[in-house]
Amino acid sequence: MNLDKINHIAILRLSALGDVCHAMLVVTAIKKRYPNAKITWITSPLEAHIVRHIPDVNVCVYDKKTGIKGMLAIRQKLASISFDVLLHMQWSLRASILSRMVKANTRVGFALSHSREKQHWFVNELAPEPRGPHVLDALFSLAEAIDVKELPLKSDITLESLAVNLPPKYVVINPSASKQERNWTLAGYQSLIHFFAERAIPVVLTGSPAQQEVNFANTLLDDPAIEKTAVINLVGKTSIAQMMSVIHSSALVISPDTGPAHIATLVGTPVVGLYAHSNPKRTGPYKDLDKVVSVYDELAEQEYGKPSSELAWAARVHDPDAMSDIDLEQVLEKIKPILNTIP
């Protein structure tokens with residue numbers, strides 16, 4: 001591959017939201033290395049809402065519900081372009097088939113150690129071994145294959161202005177994940193709200209319009225001891241792009257393993273991640289792994305009978321009540337030093 005002749009780059013990463021946030025940091029690094037290259041990103045409808053906030057990136061939307069018909073539409077849409085390189089950032093057979101609808105001279109996939117669902121069958125060049133165990137390390141390895149050297153501290157995205165007036169200083173609690181088992185306890189979140197209220201720090205709740213998230217937030221606030229003026233409930237009331245602005249302007253985000261935790265990394269806001277089911281060394285907030293509260297190691301060893309360091313890369317804890325093992329004091333221990341740095 002002639003690096004001096006990379007003028008048009010295709011990125012293939014469809015989902016999920018957190019992984020797309022990781023990929024956005026990688027694309028920011030690629031843009032810095034190849035400032036004159038045209039970049040086209042193929043992604044899913046939901047994730048397209050934030051990918052479009054990267055300047056000078058052409059977004060091409062594929063909805064998996066459209067199946068082969070949608071893939072053929074992508075082929076037709078991009079028929080006039082022959083990409084110099086395609087970075088195949090998705091671990092799925094569907095995405096691999098979709099990648100073949102795109103004309104590209106060089107197709108870069110993950111190293112064999114990280115290839116899944118036969119991805120290596122669909123590429124003609126493999127990335128180097130990732131620098132570390134994190135998903136972002138794996139995604140960045142594809143950029144390293146085209147001589148990208150360094151990840152930025154945050155993405156170069158444009159943010160929307162907010163229609164809602166927020167206080168000058170506040171913290172965000174994003175209480176829900178797409179899978180309810182990843183949520184921390186109601187009592188834990190309510191205790192956090194009391195903690196911030198005692199310090200006159202307003203709390204903003206964020207989340208998607210999914211009914212389970214709306215219901216969880218409403219139940220969380222159904223506590224007579226919580227002063228409603230101390231909490232602004234935006235769950236289901238913002239777009240993803242608006243949520244990104246809310247998170248960007250906050251002093252701190254507290255969240256389980258879900259997209260908004262990684263949005264915080266994307267926009268440079270400190271985040272305290274709450275982890276039990278997945279290894280935060282692999283899926284935690286990349287720039288704030290030192291702030292993660294995790295019970296994964298001990299629960300994984302209980303379940304599998306050996307240390308987490310000896311488990312498969314994506315091994316998960318299956319106990320549906322695992323998050324209840326996270327103690328309030330563990331969370332406060334991570335939060336208090338951050339609050340001391342807030343002006």
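1. Basis. The model is predicted: local features need pLDDT of at least 70, side-chain atom pairs count only at pLDDT 80 or more, and totals for chains, interfaces and linings use all residues. Residues are numbered from 1 along each chain as its sequence is written, and side-chain values use heavy atoms, without hydrogens and water.

2. Secondary structure. The protein has twelve helices and twelve strands. These are DSSP runs (helices H or I, at least four residues; strands E, at least two).

3. Overall size. The C-alpha trace spans about 60 × 50 × 40 Å along its principal axes.

4. Burial and contacts. Of the 343 residues, 56% are buried (under 20% relative accessible area, 1.4 Å probe, protein chains only). Among contacts between residues at least 6 apart in sequence, 62% join residues at least 24 apart. Contact means heavy atoms within 4.5 Å.

5. Cavity. There is one cavity of 30 Å³ or more. A cavity is a set of points on a 1 Å grid over the protein atoms alone where a 1.4 Å probe fits but cannot get out; lining residues have an atom within 4 Å of a point. The largest cavity holds about 40 Å³, a volume being the space filled by probe spheres set on the points. Its lining includes Arg182, Asp257, Tyr275, His277 and Arg316.

Definitions and conventions
1 Å grid on protein atoms, 1.4 Å probe; cavity = no way out; pocket = protein on both sides within 12 Å on 5 of 7 lines; lining within 4 Å. Buried < 20%, exposed > 50% of the residue type's maximum accessible area, 1.4 Å probe, protein only.
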